[in-house]
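Hi,

Here is the structure I promised to pass on to you. Have a look at it first, then read my notes below.

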Amino acid sequence: MSKTVLISGAGIAGSTAAYWLGRNGFDVTVVERARAQRSSGNPVDVKGPAVDVIEGMGVMPSVRAAASRVDRMSFVDPAGRERSRLRLSAFQGGAGAREVEITRADLAAILLEAARDFAELRWSDSISEIAQHSAGVDVTFENGAAGCYDYVIGADGLHSNVRRLAFGAESEFIGHMGMYVATLPVDRAFGDEREVVMLNLPGRAVSVHPSKGKAVAAFLFRSRAVPGFDHRDLDQHKRLVTDAFAEPIGIFAEVLDQLKAADDIYFDSVSRISLPQWFNGRVGLLGDAGSSLSLFGDGSTLAIAGAHTLAHELARTPDHPHAALSAYEQRHRRLVEPRQRGFRAARALMVPATSTGITIRNAITRFMR
C-alpha cells in the first residue's frame, strides 16, 4: 500500500508538494479552508532553485504565458515625477533569463492544476484535531469526518492551523518585523507594462505594479506591533492604512480611495516564523507555516524548492519519518536562513525610515543605474 499524506493548504507550497508526492507514489489529499482559490494576489518570483522544479513539472510554458514583463522600479514624488530608477535584474536568483515574475494567484492556479492528477482536493474544510501514534496521525476535520494518515503536512501559511495544533500557539513562534503591508487590485497602472511605480514617504511606501494588465497596489508602512491586531478584520485593516497615509499622497490618492471602498484586501504584519524544528513526529511544516519570510524573502521561490525537497526525502525513506523530515529540514534551512538575514537591507531599500534615507536610497540607485 502507498503511504498516505494529508496536506493542509492548496496554495503554492501545498500544490507543489501534492504534485511531487503524488508523482512519487504517495496517496495525497489536500484540504483547503477556502471555498476556491483567490483570484487576486501580489506578484511573486520564480527564481533560483524553483526554476528547475517548475520546469520539471512541465508547467513553465503556462507560467511564462501568465508572467509579467516588469524589469524596473521607478521611485517618484507625489506628483509622479521620477526621482530614481532601479533595474530589477539586480535581484535575480541565479537562473538568469529563465526566472519569471507572476501574480501569486496565477502561479497557485497553475500549480494546483498540475497537482489535480496526483491528489484529492477538499475545499471548504480544515483540520480541527491531530493525534499522533506509532502507526500514523489521526485527523478530525471541521466537517466532522475523520481519517488516519502516514504524514500530515502544514502548508497553510503564516497563520498555520497545523502549526497551532501540532506545535503550539502562534505567539510562541511569530516575530513582528516592524512593518505592515496591504495589497489589492486597482483600476490602472501608473507606468508602462515593464514598470513598477513607487512613492516613498518617511517610513511608508505605496506602489502600483502593472502585473500584465491586472494592476496591483501595495501599501507598506513601518510600525510597532498593533495591540489587538486581527489578520481577518477588514475594517481594522482599512483604518490602519488610512491612518498611516493620512498626509497627501498626490497621484496615489485614487489608490487609497479604492482601498477604502474595497470588499477584500490582503493585509498582514510583515512577520518571521522561527521554530527550533520544522517537524513533530509525522507532522511537518512547509513554506510560510515553518519559516515565513513575509514580504522580502523570496517566499514563493522557497516554498516551491522546499516542497520538492520534502517530497524527495519522504520518497527516499518513506518508512522512517524522523529521517525523512530531518533530512528535508537540514537541506532546506540552508536556503532559508541567508534570505531571512537579508530582511533589514531590503526594508531600508524599499521603505526608508527618514527623508534623508529616501534621498540616500535615490542617490545610490541612480549610481547603480
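How many salt bridges does the count come to? It comes to 24, where a salt bridge means a side-chain nitrogen of Lys or Arg within 4 Å of a carboxyl oxygen of Asp or Glu.

A quick word on how to read all this. This is a predicted model, so local features need pLDDT of at least 70 and side-chain atom pairs count only at pLDDT 80 or more, while totals for chains, interfaces and linings use all residues. Residues are numbered from 1 along each chain as its sequence is written, and side-chain values use heavy atoms, with hydrogens and water left out.

**Some of the salt bridges**

Start with aspartate 319 and lysine 3, whose closest N and O atoms are 2.8 Å apart in a salt bridge.

Aspartate 319 has 51% relative accessibility, so it counts as exposed. Lysine 3 is partly exposed, because its relative accessible area is 24%.

Next, find aspartate 71 and arginine 87, which form a salt bridge with their closest N and O atoms 3.7 Å apart. They also link distant parts of the chain, 16 residues apart: aspartate 71 belongs to the loop between helix H3 (60-66) and strand E4 (72-76), and arginine 87 to strand E5 (residues 82-87). Aspartate 71 has a relative accessible area of 24%, so it is partly exposed. Arginine 87, at 42%, counts as partly exposed. Both belong to a network of salt bridges that links Asp71, Arg72, Arg87, Asp192, Arg194 and Glu195.

Then there is a pair within one helix. Arginine 333 and glutamate 329 form a salt bridge with the closest N and O atoms 2.7 Å apart. Why are they about one helical turn apart? Because they are four residues apart in helix H10. Arginine 333 counts as buried because its relative accessibility is 19%, and glutamate 329 is buried with 8%.

**A buried glutamate**

Is glutamate 313 buried or exposed? It counts as buried, because its relative accessibility is 3%. You will find glutamate 313 in helix H9. Leaving aside neighbours within four places in sequence, glutamate 313 is in contact (heavy atoms within 4.5 Å) with Ala324, Ala327, Tyr328 and Arg331.

**Helix H1 and its partners**

Now turn to H1 (residues 12-23). Its axis comes within 8 Å of the axis of H4 (residues 104-115), and the two cross at roughly 20 degrees. Axes here are lines fitted to C-alpha atoms, for helices over the stretch in contact, and angles run from 0 to 180 degrees between N-to-C directions. The residues that make the contact include Ile12, Ser15 and Tyr19 of H1 and Arg104, Leu107 and Leu111 of H4. The contact residues divide into nine nonpolar, two polar and one charged. Here Ala, Val, Leu, Ile, Met, Phe, Trp, Tyr, Cys and Pro count as nonpolar, Asp, Glu, Lys and Arg as charged, and the others, Gly among them, as polar.

H1 also packs with H9, at an angle of about 30 degrees and with the axes 8 Å apart. That makes H1 roughly parallel to H9. Among the residues in this contact are Ala13, Trp20 and Leu21 of H1 and Ser300, His308 and Leu314 of H9. They divide into 10 nonpolar, three polar and no charged.

**Two positive phi values**

Most residues other than glycine have a negative phi. Serine 211 is not a glycine, yet it has a positive phi of about 45 degrees. Lysine 212 has a positive phi too, near 50 degrees. Serine 211 lies in the loop between strand E14 (204-209) and strand E15 (216-222), and lysine 212 is in the loop between E14 and E15. Serine 211 is buried, because its relative accessible area is 4%, whereas lysine 212 counts as partly exposed at 46%.

Cheers

How values were computed
Buried < 20%, exposed > 50% of the residue type's maximum accessible area, 1.4 Å probe, protein only. Parallel < 35°, antiparallel > 145°, perpendicular 65-115°, else oblique.
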